Amino acid sequence: MVHPRSRPRPAPLLMLCAALALSLSVAHAQSTSPSPAATPPPALTPAPPTLTLPELLLALRASPGWRGADLSYQAAALALQSARTRAGLSLSAGADGSLSRVPWNGGEWKGAATVTLSASVAVLPWSPALEGVRSAERALGAAALDLRAARAAQTAALFQALGGLRRAQAGLEAAQAGRTLAERVLAITEAQRAAGLTTDAGVLDRRAGLEAAVAGQESAARAVTQAAQALTRLLGTPVSVGAGVLNPPLPDLTPAGDLETLLARALRQRPEVARAQAAVADAQAGLAAARLDARLPDVSASVRAGQLADAQGGGGRTVGASLNLKAGVLGVQASVPLRDTDSAVSGVALSLSAALPLLGRPQAAALSQAELGLQQAELALASARQATELDVRTRLSALEDERAALPGARTRVQSAETALQNARARLDAGLGTTLDLAQAELALLQARHALQAAQDSVALAGLALAQATADLDPFLPTLPAPLPTGGQP
């Protein structure tokens, strides 16, 4: 007989088998249970098109800035059209009717209706309507220069955005190379620390250098994104720039000529000078009109022929003409009554009227205001010319400064190439390390990027000078011929 306390317990192997069977059954149940519906992948955003430089310049014509300049010019053209319409032949038709009873007691009601056709046109040269046409023509000429300048500014902004994108991508490439070099330096320093050849402070210093390189790479990546966004804002649509646009140097659109030639072209072509000249012409016309208004009385002459009156005092078929001497407007009128006018008397009537104010004449004050307005317009013209000259001189000086810095950048590239050759020679001779070679390669990369940035600075400075002299043709870069590289003739 076995004692109850000595009864055998379940073996651990049996418990393990039971747990394994339970887990297999749960897995089978999960595998046979219906799976949830698969979530469809998110729709992919199409990549922006990759454009070449001529395609970018063509896309610039659809940008908001370009279209806004076109609309401003169209508004000036419509203003000229409206002024010509007001100064041209004006034709109108009208009708009037009347109902009378004479005498009141015992008279009969009689009705009358008349159809009138009128025409007027400004004929005298000092007519305000004709002066309005001349003013609108001057404004349209200034708007044409504004349109060209706005388009040139958009073209210059595109090249500046491309230059910024090139610099940002060059900075990102240099930052990536710097990070790679910092990682190698840290690995070598850690190996030296393990061998007891350096201290923990040296390792921490190299690690801090790597962290700074990582931060520099992230900052350079953000700079590339911002430069691409600047190009997108300019064009109004996302685009991708191909390597063929970023690798070759920017076109050289520097205008040719000495300082005096550049100044003469700028004073002749700059829109602000043209607007100031138009303002002076408007002020001169306003002064002439004020003097005419002060000296010339309000005189009107008219002639009227036809059936002037009948027995009841009403007029018949008549034609007439009038001329307002001060307004310079000639008017013609014809009236045809819709009744029997056989009894009307025919004749001709001439009239001349003049009005000359004796007290409360505003002409003197208007003349003084016109004189002051002319002086202000002349001062504004002088200021615009001075600002134009200063702008041209400043941008020409900036171009010369950028050109002066270019030989130093080329020399630094040659020095970096020589240093790289020496590093390779020392490595081959067993006197140098691969780390020295990597540092020389990074120095050469940075020197080449600095040279490219200097060349872009020269091109952009020449572009700014062409914009200052109004020589930058916004349609020149879109021609089938290759872009200039040695300056415009």
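Predicted model: local features only at pLDDT ≥ 70, side-chain atom pairs only at ≥ 80, totals over all residues.
**Ground rules.** I number residues from 1 along each chain as its sequence is written, and I work with heavy atoms for side-chain values, leaving out hydrogens and water.

**Count.** I looked up the salt bridges (a side-chain nitrogen of Lys or Arg within 4 Å of a carboxyl oxygen of Asp or Glu), and the structure holds 16 of them.

**Asp70 and Arg151.** I found this pair joined in a salt bridge, with the closest N and O atoms 2.7 Å apart. Asp70 sits in helix H3 (residues 64-87) and Arg151 in helix H4 (residues 128-194), so the contact ties together parts 81 residues apart in sequence; helices here are DSSP runs of H or I, at least four residues, numbered from the N terminus. I noted both Asp70 and Arg151 as buried, where buried means under 20% relative accessible area, exposed over 50%, and partly exposed in between, with a 1.4 Å probe and protein chains only.

**Arg275 and Asp146.** I then checked this salt bridge, which spans 2.3 Å from N to O. Arg275 is partly exposed at 40% relative accessible area, and Asp146 is partly exposed at 27%.

**Glu183 and Arg179.** I recorded a salt bridge of 3.3 Å, N to O, between these side chains; the two residues lie four apart in helix H4, separated by about one helical turn.

**Network.** Last, I noted that salt bridges link Glu131, Arg134, Arg138 and Asp282 in a network.
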